[in-house]
2 protein chains.
Amino acid sequence: MFSKACEYGIKAAVFIAARSQEGKRVSLNEIAGEINSPVAFTAKVLQQLTRNNIVDSVRGPAGGFEINKNKADKIRLSKIVAAIDGDSIYKGCALGFQNCNENLPCPLHHKFVLIRNELRQMLETTSLLDLSKDINDGVTFLKS
Amino acid sequence: MFSKACEYGIKAAVFIAARSQEGKRVSLNEIAGEINSPVAFTAKVLQQLTRNNIVDSVRGPAGGFEINKNKADKIRLSKIVAAIDGDSIYKGCALGFQNCNENLPCPLHHKFVLIRNELRQMLETTSLLDLSKDINDGVTFLKS
DNA sequence: TCTATTTCGGACAATTTTGTCCTTTATTGT
DNA sequence: ACAATAAAGGACAAAATTGTCCGAAATAGA
């Protein structure tokens, strides 16, 4: 479904958002520890999120990553996924055709339309605020 | 979503099923030409399908691949996907956790359950016969 | 200013996926 | 038996993804 990079990206963003809601900035090491990901690789993913203005980074002592408290509700999952994996998972053809559509449908086109739209809907309506609340309420988890 | 190998596998299986419904056996070269895939790589994918008893192969002159006319309605898309990519796309966690469930849900678990079930439902109910009919009726296509 | 901390960024390495080439094996027709 | 055809299978190559390492740049505090 999602690439490893994207999985880490989503987990990291959710964790950063959760801590940011509580007014706390988190470091790369904290993040990697919390989401159980390779530190250096996670750093690369975080760079992508930073360049895409999804998270803000601060260098130096007591630096780290954060997400503006008031912006978490405006950052949708689709933005994170698009920044790392592109939007083909929720916009593209199931069989990889570039120009699959109602007029030139692939064998799965009609069967897949509903699923893709539902996935798209989910990604485009779910915000980091939603997800971070669940984490802070202890009803969802970033580790197994 | 699906790997390239799986995309080729689905396309190839649909094409073989379509031709088999018309009593025709098809060669590797015909298949690769029809679905626009690299010949040698497609051969590997077809081997996987053959080993999994999804298609039958016949060597020698006038040989090729076929799918028993009466079995096409019993072969579900899920079987093909599972043979090539495994079942994690329609059974696994969106964030890659091995033990994500109602008791230990990842941040996306509840939002993803519906989508995954719908995908699973689609893959487990769609047969090669269904898909091959559309091809033979000229309402869906294997090439762009 | 100096040091410690932390992200940034480039280069590199390992692994997986994708793709190629060539030999072997089976089968058919002559 | 022989030649031609087509899949099977092994070895290898290229590309993409995942992951590591290390020095540079920025920043805060002493």
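α3(B) contributes the largest share of the surface near DNA strand D, with four residues. Helices (H or I, at least four residues) and strands (E, at least two) are DSSP runs, numbered from the N terminus. The model is predicted: local features need pLDDT of at least 70, side-chain atom pairs count only at pLDDT 80 or more, and totals for chains, interfaces and linings use all residues. Residues are numbered from 1 along each chain as its sequence is written, while chains are lettered from A and ligands numbered from 1 in the order in which they are written.

DNA strand D has 24 residues around it. A residue counts as near a strand or molecule if its C-beta atom, placed from the backbone, lies within 6 Å of it. A:Pro38, A:Ala40, A:Gly60, B:Leu28 and B:Ser57 come nearest. Two or more residues each are given to this surface by α1 (4-21) and α3 (39-51) of chain A, and by α3 (39-51) and β2 (64-66) of chain B. By class, the surface near DNA strand D holds 11 nonpolar, nine polar and four charged residues. Here Ala, Val, Leu, Ile, Met, Phe, Trp, Tyr, Cys and Pro count as nonpolar, Asp, Glu, Lys and Arg as charged, and the others, Gly among them, as polar.

DNA strand C is surrounded by 24 residues. The closest are A:Ser57, B:Lys4, B:Pro38, B:Ala40 and B:Gly60. α3 and β2 (64-66) of chain A each supply at least two residues of this surface, as do α1 and α3 of chain B. The largest share near DNA strand C comes from α3(A), with four residues. The surface near DNA strand C comprises 11 nonpolar, nine polar and four charged residues.

The protein chains also touch each other. In chain B, 33 residues are in contact with 33 residues of chain A (C-beta atoms, placed from the backbone, within 7 Å). On the chain B side, α1 (4-21), α6 (109-125) and α7 (128-136) each supply at least two residues. α6(B) gives the most, seven residues. This side of chain B divides into 21 nonpolar, seven polar and five charged residues. Of the interface residues of chain B, 100% are also interface residues in chain A, so the copies meet through the same surface.

Chain B can be laid on chain A with an RMSD of 0.0 Å. The superposition is by least squares on the C-alpha atoms of residues with pLDDT of at least 70 in both copies. In chain B, the C-alpha of B:Met1 is nearest the axis, at 2.4 Å.

Notes. Two residues are in contact if their C-beta atoms, placed from the backbone, lie within 7 Å.
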